[in-house]
Amino acid sequence: MSDVPVSLPPELLDFGGPTDLTEELRQANYHYLTGIITDESLHYIQQDLILRWHNGFNGIVNLVINSPGGELAATFALVNLMELVPYHISTISLGLCGSA
């Protein structure tokens with residue numbers, strides 16, 4: 001086995017799309033919530049859900065959750081927003097989905 005680092009040619013690293021995976025998932029109507037739930041960790045998701053509501057979005061948003069839980073107030077804020085918006089939000093548990 002060689003100790004020489006392997007570098008890939010640039011053409012293999014260009015996937016022909018956005019480099020920000022979070023933005024690419026958002027455009028595909030997915031949000032990935034991982035780690036401990038806090039106001040800060042939900043900030044981007046809440047902004048996007050409100051903006052979709054404001055713009056008349058009429059589809060399904062998929063919220064993928066892998067979290068041990070977190071702050072109760074932050075969790076209530078997300079649940080309240082999910083009930084408030086007029087479109088459907090599908091929740092998918094991937095790994096751990098603990099309570100706040």
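# Helix pair and parallel sheet in a predicted model

The axes of helices H3 and H4, the latter spanning residues 72-84, come within 10 Å and cross at roughly 10°. The structure described here is a predicted model, and its chain holds 4 helices and 3 strands, which follow one another along the sequence in the pattern α-α-β-α-β-α-β. Of the 100 residues in the chain, 24% are buried, and among the contacts between residues at least 6 apart in sequence, 84% join residues at least 24 apart.

**The H3 and H4 pair**

- Two packed helices are described by the angle between their axes and the distance between the axes.
- Angles under 35 degrees count as roughly parallel, and with a crossing at roughly 10°, H3 and H4 are therefore roughly parallel to each other.
- The crossing of this pair, H3 with H4, is left-handed.
- On the H3 side the contact is made by Asp39, Leu42, Gln46, Leu49, Ile50 and Trp53, which meet Ala74, Thr75, Ala77, Leu78, Leu81 and Leu84 on the H4 side.

- The 3 strands form an open sheet in the order S1-S2-S3, and their pairing is parallel.
- S1 and S3 are the edge strands of this sheet, each of them pairing on one side only.
- Neighbouring strands in the sheet are turned against each other by 15° on average, with direction ignored.
- H3 packs on this sheet and touches S1, S2 and S3, while the direction of H3 makes about 160° with that of S1.
- Between S1 and S2 the pairing is in the parallel sense and runs over 5 bridges, with Tyr32 standing opposite Val64 in S2 and Leu33 standing opposite Ile65 in S2.
- Strand S2, residues 60-67, is joined to S3 by 7 bridges, and the two strands run parallel; Ile65, for its part, has Ser93 as its bridge partner in S3.
- S2 is mostly covered, since 6 of its 8 residues are buried.

**Individual residues in loops, strand and tail**

- Asn29 lies in the loop between helix H2 (21-27) and S1, and although Asn29 is not a glycine, it has a positive phi of about 70°.
- With a relative accessible area of 21%, Asn29 is classed as partly exposed, because buried means under 20%.
- Thr38 belongs to the loop between strand S1 (30-34) and helix H3 (39-54), and at 18% relative accessibility Thr38 counts as buried.
- Once its neighbours within four places in sequence are left aside, Thr38 is in contact with Glu71 and Ala74; Ala74 is also one of the H4 residues that meet H3.
- Thr91 has its place in strand S3, residues 88-97, where its relative accessible area of 47% makes Thr91 partly exposed.
- Not counting residues up to four places away in sequence, Thr91 touches Leu63, Ile65 and Met82, and the C-alpha atoms of Thr91 and Ile65 are 7.2 Å apart in space although the two residues are 26 residues apart in sequence.
- Ser99 is found in the segment after S3, and with a relative accessible area of 61% Ser99 is exposed.
- The C-alpha atoms of Ser99 and Ser67 are separated by 8.5 Å, the two residues being 32 residues apart along the chain.
- Leaving aside neighbours within four places in sequence, Ser99 is in contact with Pro68, Gly69 and Gly70.

Definitions and conventions
Residues numbered from 1 in each chain as written. Predicted model: local features only at pLDDT ≥ 70, side-chain atom pairs only at ≥ 80, totals over all residues. Heavy atoms only, no water. Buried < 20%, exposed > 50% of the residue type's maximum accessible area, 1.4 Å probe, protein only. Contact = heavy atoms within 4.5 Å. Axes fitted to C-alpha atoms, helices over the stretch in contact; angles between N-to-C directions. Parallel < 35°, antiparallel > 145°, perpendicular 65-115°, else oblique. Left-handed = near helix turned anticlockwise from the far one by under 90°. Pairing = 2+ DSSP bridges.
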